[in-house]
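Subject: Handover of a structure

Dear colleague,

I am passing on the structure below, together with some notes on what was found in it. Please read the notes with the structure open beside you.

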Amino acid sequence: SYRKGGYHAVRVGDPFNSGRYIAQRKLGWGQFSTVWLAYDTHSSKFVALKIQKSAAQFTQAALHEIEVLSVITNGDPSNSNCVVQLIDQFKHSGPNGQHQCMVLEFLGDSLLRLIRYNRYKGLKLNKVREICKCILTGLDYLHRELGIIHTDLKPENILLVSTIDPAKDPIRSGLKPIIERPECNLNGGSTMSIIEKKLKRRARNAVAKISGRRASMGGALQNSERCLDGIDMRCKVVDFGNACWADKQFAEEIQTRQYRAPEVILRSGYSFSVDMWSFACTAFELATGEMMFAPKDGQGFGEDEDHLALMMELLGKMPRKIAIGGAQSKEFFDRHGDLKRIRRLKFWSLDRLLVDRFKFAETDAKEFAEFLSPLLDFTPEKRPTAQQCLQHPWLNLSSSTGKKMTNEADVENLDAGMSKLHV
Ligand code: ADP
Ligand code: MG
């Protein structure tokens with residue numbers, strides 16, 4: 001998509017906004033944009049430069065995101081609310097057209113990468129707690145102070161905050177700004193964050209283990225999560241491309257499939273509580289390494305119905321009034337509130353799942369399930385708000401026991417997901 005209307009091709013050392021920003025390396029990309037690490041010569045800080053595709057609809061989407069981000073940034077002058085901040089915005093002309101650009105504060109890896117690097121084993125509950133507090137602080141700010149619904153909360157859209165400032169501490173962070181375009185622009189110097197370095201080291205250790213050099217690596221392999229010890233787990237909510245206001249919504253179908261609330265599937269209308277549902281799914285995934293719901297279509301039923309079935313198997317039957325109350329309800333439910341095509345459900349419970357499948361200690365499972373369950377209420381109005389959730393005692397527990405770690409073999413033997421339960 002590097003053509004007219006598409007992405008803008010960037011080379012290391014390219015200047016943006018009359019030379020204020022210098023491109024350093026690519027950080028990531030999305031459907032609509034590429035995101036580059038850039039050096040801000042005004043503030044002498046690293047920033048994230050998001051360069052939108054140039055076609056009109058992408059520019060429109062970027063302008064919407066800028067509008068939301070401006071409200072977010074203006075309302076949080078001390079930058080303490082766990083939501084990404086907008087630093088600048090401008091247009092950049094290139095061979096593929098005019099690209100709307102956003103300059104955002106530079107953050108670290110996403111929680112999805114953290115889960116992956118942890119080899120889908122789940123993080124220690126104390127880490128999960130720290131991350132949950134940040135996300136809830138962000139949601140409370142968005143919901144209560146700004147009236148904004150994120151609508152796409154998931155591990156990918158939550159980024160870790162680097163605890164060291166690369167501009168002030170370039171040696172520790174390994175970040176040295178590239179000010180001029182290098183002769184050969186492939187090797188622009190090391191730009192790894194501390195977390196990235198630890199994760200890379202761990203990935204190397206994992207390779208060493210596979211190749212049978214375990215002994216020489218010592219205890220570091222026993223519990224690879226140890227590599228993250230000492231890292232202050234702070235994070236921020238990002239990606240406001242789909243955000244809306246509670247009283248000004250744009251789409252009926254919102255959220256990424258696995259994090260989608262039941263009222264969205266049923267088209268019963270939605271509000272802030274859809275983010276609370278996604279938050280619970282995200283917290284579960286952090287703690288277990290697996291998605292809470294991974295629906296698939298099957299013989300004679302679609303993905304939506306599978307999703308509803310998975311929800312009920314874990315959370316109990318949906319109240320009839322809720323089940324039949326949406327514009328799409330008739331697609332899935334009969335008048336008794338039973339699913340039309342998936343008739344036999346295998347009920348489980350959240351705390352049993354945590355113990356049986358994820359090898360949580362009984363107490364940990366019970367406490368974590370008590371924290372999550374109210375957020376997964378089928379009646380949206382009954383879900384706690386972010387503000388209420390921040391008061392939950394689970395967030396201030398400190399489990400010295402930690403959850404019982406599964407060993408590698410166990411993890412590999414787990415099957416693909418819970419979606420097969422009822423088939
Ligand atoms: P899109 O709206 O096109 O999906 P995102 O805002 O999700 O774009 O950004 C795409 C990717 O760029 C993210 O998944 C992440 O890897 C990276 N990224 C985005 N914002 C930042 C940031 N502020 N700091 C560091 N990396 C970022
Ligand atoms: Mg995205």
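In what follows, two strands pair if DSSP finds at least two bridges between them, and the helices (H or I, at least four residues) and strands (E, at least two) are DSSP runs, numbered from the N terminus. Please bear in mind that this is a predicted model, in which local features need pLDDT of at least 70 and side-chain atom pairs count only at pLDDT 80 or more, while totals for chains, interfaces and linings use all residues. Residues are numbered from 1 along each chain as its sequence is written, and chains are lettered from A and ligands numbered from 1 in the order in which they are written.

The protein chain has 15 helices and ten strands. Six of the strands form an open sheet in the order E1-E2-E3-E4-E6-E5, with antiparallel pairing. Strand E1 (15-16) and strand E5 (86-94) stand at its edges, and because each has a single partner strand, one side of each is left without a neighbour in the sheet.

Within this sheet, E3 and E4 run antiparallel and are joined by eight bridges; they form a hairpin with four residues between them, and Ser44 in the turn has a positive phi of about 55 degrees. Across this pair, Ser33 stands opposite Gln52, and Val35 has Lys50 as its bridge partner. E4 is also joined to E6, by five bridges and again antiparallel, with Ala48 opposite Leu104.

How much of E4 is buried? Seven of its eight residues are, so E4 is largely enclosed by the rest of the structure; here a residue is buried if 20 or more other C-beta atoms lie within 10 Å of its own, exposed if 12 or fewer, and partly exposed in between, with C-beta atoms placed from the backbone. Across the protein chain, buried residues make up 41% of the 423 residues.

Lys50 lies in strand E4 (residues 45-52) and is buried, with 29 other C-beta atoms within 10 Å. Leaving aside neighbours within four places in sequence, Lys50 is in contact (C-beta atoms, placed from the backbone, within 7 Å) with Ser33, Val35, Cys101, Met102 and Leu104. An unreviewed UniProt entry covers Lys50 with the annotation "binding site"; UniProt positions are given in the numbering used here, feature names are shortened, and annotations may be inferred rather than shown by experiment.

Elsewhere, Val238 lies in the loop between strand E9 (235-237) and strand E10 (244-245), and Val238 is buried, with 23 other C-beta atoms within 10 Å. The C-alpha atoms of Val238 and Gln85 are separated by 8.8 Å, although these residues are 153 residues apart along the chain. Setting aside neighbours within four places in sequence, Val238 is in contact with Val84, Leu107, Asn157 and Leu159.

With best wishes

Key: Two residues are in contact if their C-beta atoms, placed from the backbone, lie within 7 Å.
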